[in-house]
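Subject: Structure handover and notes

Hi,

Here is the structure I promised to pass on. Could you take a look and keep it open while you read my notes below?

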Amino acid sequence: MKLGIFGTNGKGAAQTLVPEAYRPSWAASVQTAQMADTLGFEAVLAYARWKGYIQGQPAHPSGVTLDPFTWCAGIAQATRHMAVIATSHAPTLHPITAAKQCATIDIIANGRFALNVVGGWNKPDLDMFGGAFAEHDARYDHLQEWLEIIQRLWREEEEFDHDGRFFKVLRGSSMPKPLQRPGPPIINAGGSDRGQRFACEFADVCFLILRSEDTAQIAAQIAEYKDMARRDYGREVQVWIYAYCVQRPTRAEAEAYLHHFSVEMEDGPSLDAWTAGVGSQTKILQSPEAARAFRRRFAAGAGGSALVGTAEHIAGRLEQLSDAGLDGVLLTWVDFEDGLRRFAEVMPMLEARGLREAFNPTL
């Protein structure tokens, strides 16, 4: 099972007011990336955000985010093994610019770059760019054309013209090409029916939100995703999830800390603003009950799945997820430095269970 960390170019995933919560700085970014790299993690993903959740409060931590592309270029120089993944919301970046930036980072990283593509869901972000906020499925039409141009720029040696619905390119070309050929891996987290189809057709790694904690139902959900990619598009895809990790010496201590940071010390105004926004701007939350349940999960860690308990319990849960067909997990913690130090205890357990091979950071 592959492992990564999520969101250290920003505040991370938890919506909490505890004083130990991670805050983005270059020193903290490098430290956590190097810790994960030394443990043998495969990836670090930087998300894209231009404005926080609370209107009129630009300095709120939800909007304090280092640019994912330049951040990944720097982290690539500070690490040796793991992939650096930049996120782009297509309406905020022209595909010619994106293609050049991605190729440059892939060269800096010696072939360790991947691109997480998003159609754009946060209306305050997109309003700031002066563009109209398109209907949900239309965003995927735009994203598809955007990505197709990027991949042509990565792959084609000769100049080309493109006259599409959203973009016009005259004698398009981008040099040098990425080191990875035909191009860096594509990542997408499609939650709606249209989003899942886009991910199955164009992404190499598909992120999903688990609908259940039952292992059999998880296996069915993952198989449905992979079967769609094979059946409808003739492709093999990896399926990953996001998960928040709360590790303590006992299960009771882990549950108590989870309740403390995500309930007693929740960032209520941020959660209220996020829930109202995502409920109207996406098709993930289609009922009040779903919105309330997802709000609680978002407080703990970006709506991800839960890994809560002792090191042994967390290793066992990861084994269950692997047996269900899951290929990888991006992990988040309230305090990334503390979380990664604790998670070092989990790694040999995963090796003993046959989920991972022993890693030598000196090689």
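The axes are lines fitted to C-alpha atoms, for helices over the stretch in contact, with angles running from 0 to 180 degrees between N-to-C directions. Helices (H or I, at least four residues) and strands (E, at least two) are DSSP runs numbered from the N terminus.

This is a predicted model, in which local features need pLDDT of at least 70 and side-chain atom pairs count only at pLDDT 80 or more, while totals for chains, interfaces and linings use all residues. Residues are numbered from 1 along each chain as its sequence is written, and side-chain values use heavy atoms, leaving out hydrogens and water.

Helix pairs

Helix 3 (residues 95–108) packs on helix 5 at about 50°, with the axes 9 Å apart, and the two are therefore oblique to each other. In this pair, Pro95, Ile96, Ala98, Ala99, Cys102 and Ala103 of helix 3 meet Trp146, Ile149, Ile150, Leu153 and Trp154 of helix 5 (contact means heavy atoms within 4.5 Å). That contact divides into eleven nonpolar, no polar and no charged residues, where Ala, Val, Leu, Ile, Met, Phe, Trp, Tyr, Cys and Pro count as nonpolar, Asp, Glu, Lys and Arg as charged, and the others, Gly among them, as polar.

Helix 1 (residues 26–39) and helix 12 (residues 336–343) pack at about 10°, their axes 10 Å apart, and are therefore roughly parallel. Gln31, Thr32, Met35, Ala36 and Leu39 in helix 1 meet Phe336, Glu337, Leu340 and Arg341 in helix 12. By class, this contact has five nonpolar, two polar and two charged residues.

Helix 6 and the cysteines

In helix 6 (residues 193–202), Gly195, Gln196, Phe198, Ala199, Cys200 and Phe202 are buried (under 20% relative accessible area; exposed is over 50%, partly exposed in between, with a 1.4 Å probe and protein chains only). These buried residues pack against elements including strand 4 (113–118) and helix 7 (215–233).

How many disulfides does the structure hold? It holds zero, counting a pair of cysteine sulfur atoms within 2.5 Å as a disulfide. For Cys72, the nearest cysteine sulfur is that of Cys102, 9.4 Å away; Cys72 has a relative accessible area of 0%. For Cys200, the nearest is that of Cys206, at 5.1 Å, and Cys200 is also at 0% relative accessibility.

Best wishes

Terms used
Angles under 35 degrees count as roughly parallel, over 145 as roughly antiparallel, 65 to 115 as roughly perpendicular and the rest as oblique.
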